[in-house]
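Look at the sequence and the structure shown here. The briefing that follows covers the strands and the ligand site.

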Amino acid sequence: MAAIIQLKPITDVPSQRRASADPRDPAFFQNPYAFYDRLHAESPVFFWEQYGHWCFASFKDVSALLRDKRFGREILHVATREELGMPAPQPHTAAFDLTEQHSLLNLEPPAHTRLRTLVNRAFVSRHVEQLRPRIIRLANEMIDSFEGEECVDLIKAFAAPIPAIIIAEMIGLPAESAPQLLAWSNRMVAMYMFGVSRATELDANQAAQDFMDFLAATIAERRKQPREDLLSHMLTSDRGGDRLSDAEVMSTAILLLNAGHEATVHTTGNGVKAILESGIDPVTLFSTPEQTEATVEECLRFDAPLHLFTRYALSDLDYAGISLRKGDVVGLMLGAANRDPLRFADANRFDPFRGDGANVSFGAGIHFCIGAPLARIELQVAFSELFRRLPKLRLAEASRYNDVYHFHGLEKLMVRWD
Ligand code: HEM
């Protein structure tokens, strides 16, 4: 079934370009690329009726807006709720809101610069590169655990546990807590679904509260007895007398745990699916470290795990012929930008040998993904070990994407290797 997509009316007047596509329509979120093709052909800047704000689909605009200092992820540092007509915070999501309050993703300079500087060191390439042997071991343990079976859901058995265990261990939480962390994280991420229900909000709030209680206990232990882990590092790191508060440490740990696995799990699933559907011999995809890197980049580009991020206009301004008021939201369509035919030759083709694969899946500008070097290593290892150990891997049944348009990932990925 095709998604109901309407672009209307197509006109030369930018301020009149509108589009309608329901993000909860299964036909839409199973294949948003049909919509993107029409946007690129007809109207890459448009007012998305269901979201009620302007959106940008071209690579040029998305890259420029991610870097444009006139836009930010936060607005309440330059305007009040009353000024913007924003509703007051809801008591039934108070715990969830607390976890978001000090999140790097919700801050702008100078608060963002301060927090990012204090945690950045742990995520630079040369530091995370040391984790590669551990990730290789883990990937092989996962394959050992299901290799004897006939058919497996690769998301559950392989894609999900690896990044969850790695980020848990980095922070200083035991690998055994990973399934619980995943469960909390999944319930919290449901808050980003379009048209979220009150039941989902209550559930996400409870998950946030339980997550914070768990972390508070661990923080108290680390205060007494620091270890060589990120939690202890965050509690003790000091720049000219400036330290992170417990609330900041908690928000950052939750952000890292949530951001640290969700998108990587989806990229692993989407990437394996793309490789298997392409019919390309996997041996050629991981023949050298350079080709492995290029294959990972193409997986990130071709079927990005995160499709839509928003920014606030921090002042009244004009962009691409659109007049925006301070506080207006704009949508940056990363998944669409990665398929822009003006930027990529044969954009809808999965081609791990292309030379123009640099994409916006990790964002750009000051919020550029802090975990990108780690995610790249996890993906390089996961793909290359999987296809080395199971060269006959193939799809066992058609797969379906989750009903969370922004987080574009598979519900399950059934595979066989006999
Ligand atoms: C394939 C995997 C991943 C993808 C595609 C991805 C994508 C992104 C994107 C697009 C942003 C920027 C959002 C915006 O500009 O609004 C972001 C930010 C962030 N990511 Fe990732 N991410 C991935 C993995 C990770 C991992 C493994 C970690 C942590 C270990 C992580 C931690 C973060 C954090 C903390 C931020 C916020 C940075 C800031 O606001 O300064 N991500 N990520």
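Two strands pair if DSSP finds at least two bridges between them. Helices (H or I, at least four residues) and strands (E, at least two) are DSSP runs, numbered from the N terminus. This is a predicted model, in which local features need pLDDT of at least 70 and side-chain atom pairs count only at pLDDT 80 or more, while totals for chains, interfaces and linings use all residues. Residues are numbered from 1 along each chain as its sequence is written, and side-chain values use heavy atoms, with hydrogens and water left out.

**Strand 10**
- Strand 7 (residues 308–313) pairs with strand 10 in the antiparallel sense over 5 bridges, and Phe 309 stands opposite Leu 332 in strand 10.
- Strand 4 (residues 53–56) runs parallel to strand 10, joined by 3 bridges, and Cys 55 stands opposite Gly 331 in strand 10.
- In strand 10 (residues 329–333), 4 of the 5 residues are buried (under 20% relative accessible area, with a 1.4 Å probe and protein chains only).

**Iron**
- Cys 369 (SG), at 2.3 Å, is the only protein donor of the iron atom of the ligand; donors are N, O and S atoms within 2.8 Å of the metal (3.2 Å for Na, K and Ca), and water is not among the atoms, so sites may look incomplete.
- Cys 369 is in the loop between helix 17 (334–337) and helix 18 (372–389).

**Ligand surroundings**
- The ligand is surrounded by 30 residues, each with a heavy atom within 4 Å of it.
- A polar side-chain atom of Arg 73 lies 2.5 Å from an oxygen atom of the ligand.
- Helix 14 gives the largest share of the shell around the ligand, 7 residues.

Terms used. Buried < 20%, exposed > 50% of the residue type's maximum accessible area, 1.4 Å probe, protein only. Polar contact = N/O pair within 3.5 Å; in protein donor to acceptor, adjacent residues only side chain to side chain.
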